[in-house]
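Hello, and welcome to this structure. Please look it over first, then read the numbered points below beside it.

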Amino acid sequence: MGNCCCRGQPLIYIVSSNAKSESPKDESPSQKARMDHTKMPSNPEEVEDLRRTSANNPLIAFSFDELKIITGNFRQDYMLGGGGFGNVYKGYITEDLREGFEPITVAVKVHNGDNSYQGHREWLAEVIFLGQLSHPNLVKLIGYCCEADHRVLIYEYMARGCVENNVFSRVLLPLPWSIRMKIAFGAAKGLAFLHEAEKPVIYRDFKTSNILLDVDYNAKLSDFGLAKDGPVGDKSHVSTRIMGTYGYAAPEYIMTGHLTPRSDVYSFGVVLLELLTGRRSLEKSKPAREQNLTDWALPLLREKKKLLNIIDPRLDGDYPIKAVHKAAMLACHCLNRNPKARPLMRDIVDSLEPLQIPGEVPTSEKPTLTVITDTPNGVIKEKVQTLA
């Protein structure tokens, strides 16, 4: 977890005029088995009881007092960002917190305390999903806090923050083509893993602010609060309340509430388009016909003569032309209005693999900066790579 947490575009729930937040009756049978919403857990024992049938990853149940130590009592200068869920703080776990702990930098995501059903449900969804799923392209959940009204999640710290802040920053250097393709490749592998899991998972909120980057620009999916169990058996879709983010949600999902893995594929196409153009999915400051990135760019992606005119100008033409055309066509396929015509995530991974340029991506041999932070629990040293 890094310095993002929906800082750019706020999370927007797309709901019909008479829709409310999801309730237990909206859950699929497997979701009900995975999370019993009739009684939300109120302590670590109850959380672990829910996790017992599906937990693969050991999670640490932290006390709230321990989180105060980790975050320096939630110091303001430790805050990485905030969103609909609450605030995210950088924290430091030291050896003296508990016997056997190794020093590690973490991100601490604190529920905003409204104690709403939906907020509690999303917190629990993350504990359940990330407690059973493990993959190099999913952010690692280290532990949680379920004490009194406190609902907190503790993740691995992602040094470069979210893709949104890296792609659209006016301060950072523009990401080179090779890194953009590495990000797309890593995120695609994360989604493919979810779709092909023993119990398939639909991510449902794939966007640049939910993709985090480690020091080597490896992409990891975060924020599983809206994730859903995928269809099983002979079912083609999951019927659910319409929730997600404007500009990323698949059109058929918005219209019908029918959720399939190819809903995620559409969202992936939007993110790939953002990486290609350097534009956000929605930009109200643009002329009316250019405000919706997909509506504006999709017709141009199919025209070779016009395609290069919409590629991020900050790249200054420093990209392989053939690779740009291949990535643009892949985005076109992902954004097909007919969900059945969209590729599977495993096919997208195969398409992106030849576009990788390993030699141009920062590695451990690149220059590093050693950041020394004086914390309440001692001195923490972190190595952060430079882009040069």
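This is a predicted model: local features need pLDDT of at least 70, side-chain atom pairs count only at pLDDT 80 or more; totals for chains, interfaces and linings use all residues.

1. A word on burial to begin: buried means under 20% relative accessible area, exposed means over 50%, and partly exposed lies in between (1.4 Å probe, protein chains only).

2. Residues are numbered from 1 along each chain as its sequence is written, and side-chain values use heavy atoms, with hydrogens and water left out.

3. Back to Ile202, which sits in strand E7. Helices (H or I, at least four residues) and strands (E, at least two) are DSSP runs, numbered from the N terminus. Which residues does Ile202 touch, not counting those up to four places away in sequence? Its contacts (heavy atoms within 4.5 Å) include Ala227, Lys228, Leu259 and Thr260. Thr260 is 58 residues from Ile202 in sequence, while their C-alpha atoms are 6.9 Å apart in space.

4. Now for the charged pairs. A salt bridge is a side-chain nitrogen of Lys or Arg within 4 Å of a carboxyl oxygen of Asp or Glu. How many salt bridges does a search of the whole structure find? The count is 14.

5. One of them joins Glu164 to Arg280, with the closest N and O atoms 3.0 Å apart. This pair links distant parts of the chain, 116 residues apart: Glu164 belongs to helix H5 (residues 163-167), and Arg280 to the loop between helix H8 (261-277) and helix H9 (293-301). Glu164 counts as buried, at 3% relative accessibility, whereas Arg280 counts as partly exposed, at 25%.

6. Glu196 and Arg346 form another salt bridge, their closest N and O atoms being 2.7 Å apart. Here too distant parts of the chain are linked, 150 residues apart: Glu196 is in the loop between helix H6 (177-195) and strand E7 (201-202), and Arg346 is in helix H12 (residues 345-352). Glu196 is partly exposed at 45% relative accessibility, and Arg346 is partly exposed at 43%.

7. Are the partners in the Asp205 salt bridge buried or exposed? Asp205 meets Lys207 at 3.7 Å, N to O. Asp205 is buried at 5% relative accessibility, and Lys207 is buried at 3%. Elsewhere, salt bridges with shared partners join Lys109, Glu126 and Asp223 into one network.
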